[in-house]
Amino acid sequence: MTDDEAREVYAKARLGESVTLGSRPAVLVIDFSCGFTDPASTLGSDLSAEVEATKQLLDAARAKGLPVIFTTIGYEPSLRDGGLWLQKAPSLGELQIGGRWVEIDPRLEPQEDETIVLKKGASGFFGTNLAAILVSQGVDSVILCGATTSGCVRATAIDLLQYGWPTLVPRECVGDRAKAPHEANLFDIQAKYADVVPLEDALAYVESVPERMGAAV
């Protein structure tokens, strides 16, 4: 089946409609840690373009005073907190708490007042207090960035929908280590879970919302 045929099938099924965004968004950056953005890591690949695009979005969000939240995967040296996932993907064991691979990519310039959520699973919500963080900051919509598109980004997009947060996924701000799963999962995310949009649309949305307290001047 060609891409055009797939789009036609999905359109007939009435999939891929747009979500209604609110006026109090947050930017959620999934696993843009050095372990995923540095090709020297077993799990890593060159996501420089995606990191740079995300930094552009973060600059706009910070200027508006919007919440910015990062997630990173990290395990204890014993790896006993890794569960079954480490059997399926043993290289995840290299992401050990306190090591460089768990650190957020410094090119994103994480700020002291920006939360970093440590997770053990794919979704940013699984076993974490991410939902409480979003609720406590009055977030009504999310702009989702990060890696990998086919793994943790997709898993988080599904949970964002299920928890009730309308979500934008700027295409330039998510990445994967291979093109085929990246494109296939963007197609599916757009059809079922979130709105996949150009970065310029996400930036326009950020500019359109009211400035929040704590905005950069």
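Q: How many aromatic pairs does the structure hold?
A: The structure holds four aromatic pairs. Two rings of Phe, Tyr or Trp (its six-membered ring) pair if their centres lie within 6.5 Å. This is a predicted model, so local features need pLDDT of at least 70, side-chain atom pairs count only at pLDDT 80 or more, and totals for chains, interfaces and linings use all residues. Residues are numbered from 1 along each chain as its sequence is written, and side-chain values use heavy atoms, leaving out hydrogens and water.

Q: Why are Tyr 10 and Phe 187 called an edge-to-face pair?
A: Their ring centres are 5.0 Å apart and their planes stand at 75°. Planes under 30 degrees apart count as stacked, over 60 as edge-to-face and the rest as tilted. An angle of 75° therefore makes the pair edge-to-face.

Q: What makes this a link between distant parts of the chain?
A: Tyr 10 sits in helix 1 (residues 3–12) and Phe 187 in helix 7 (residues 179–192), 177 residues apart. Helices here are DSSP runs (H or I, at least four residues), strands are runs of E (at least two), and both are numbered from the N terminus.

Q: Are Tyr 10 and Phe 187 buried, exposed or in between, and why?
A: Buried means under 20% relative accessible area, exposed means over 50%, and partly exposed lies in between (1.4 Å probe, protein chains only). Tyr 10 has 23%, so it is partly exposed. Phe 187 has 26%, so it is partly exposed.

Q: Why are helix 3 and helix 8 called roughly parallel?
A: Two packed helices are described by the angle between their axes and the distance between the axes. Helix 3 (residues 48–64) and helix 8 (residues 199–208) pack at about 10°, with axes 9 Å apart. Each axis is a line fitted to C-alpha atoms over the stretch in contact, and angles run from 0 to 180 degrees between N-to-C directions. Under 35 degrees counts as roughly parallel, over 145 as roughly antiparallel, 65 to 115 as roughly perpendicular and the rest as oblique. So helix 3 is roughly parallel to helix 8.

Q: Which residues make the contact of helix 3 with helix 8?
A: Contact means heavy atoms within 4.5 Å. Helix 3 gives Ala 53, Gln 56, Leu 57, Ala 60, Ala 61 and Lys 64. Helix 8 gives Leu 199, Ala 202, Leu 203, Val 206 and Glu 207.

Q: How do the residues of this contact divide into nonpolar, polar and charged?
A: Eight are nonpolar, one is polar and two are charged. Ala, Val, Leu, Ile, Met, Phe, Trp, Tyr, Cys and Pro count as nonpolar, Asp, Glu, Lys and Arg as charged, and the others, Gly among them, as polar.

Q: Why is Thr 149 called buried?
A: Its relative accessible area is 0%, so Thr 149 is buried. Thr 149 belongs to helix 6 (residues 149–163). Beyond residues up to four places away in sequence, Thr 149 touches several others, including Arg 154, Asp 176, His 182 and Ile 189.

Q: What makes a nonpolar core, and how many residues has the largest?
A: A nonpolar core is a set of buried Ala, Val, Leu, Ile, Met, Phe, Trp, Tyr and Cys residues joined through side-chain atoms within 4.5 Å. The largest has 35 residues, and Leu 28, Leu 95, Leu 134, Leu 144, Leu 160 and Val 169 have the most contacts inside it. Its largest share, five residues, comes from helix 6. Apart from this core lies another of 27 residues, among them Phe 32 and Tyr 205.

Q: Which peptide bond is cis?
A: The bond joining Ala 147 and Thr 148 is cis, with omega about -15°. Thr 148 lies in the loop between strand 4 and helix 6.

Q: Why is Leu 79 called partly exposed, whereas Arg 80 is called exposed?
A: Leu 79 has 29% relative accessibility, so it counts as partly exposed. Arg 80 has 78%, so it counts as exposed. Leu 79 lies in the loop between strand 2 and helix 4 (85–88), and Arg 80 is in the loop between strand 2 and helix 4. Leu 79 also has a positive phi of about 65°, although it is not a glycine.
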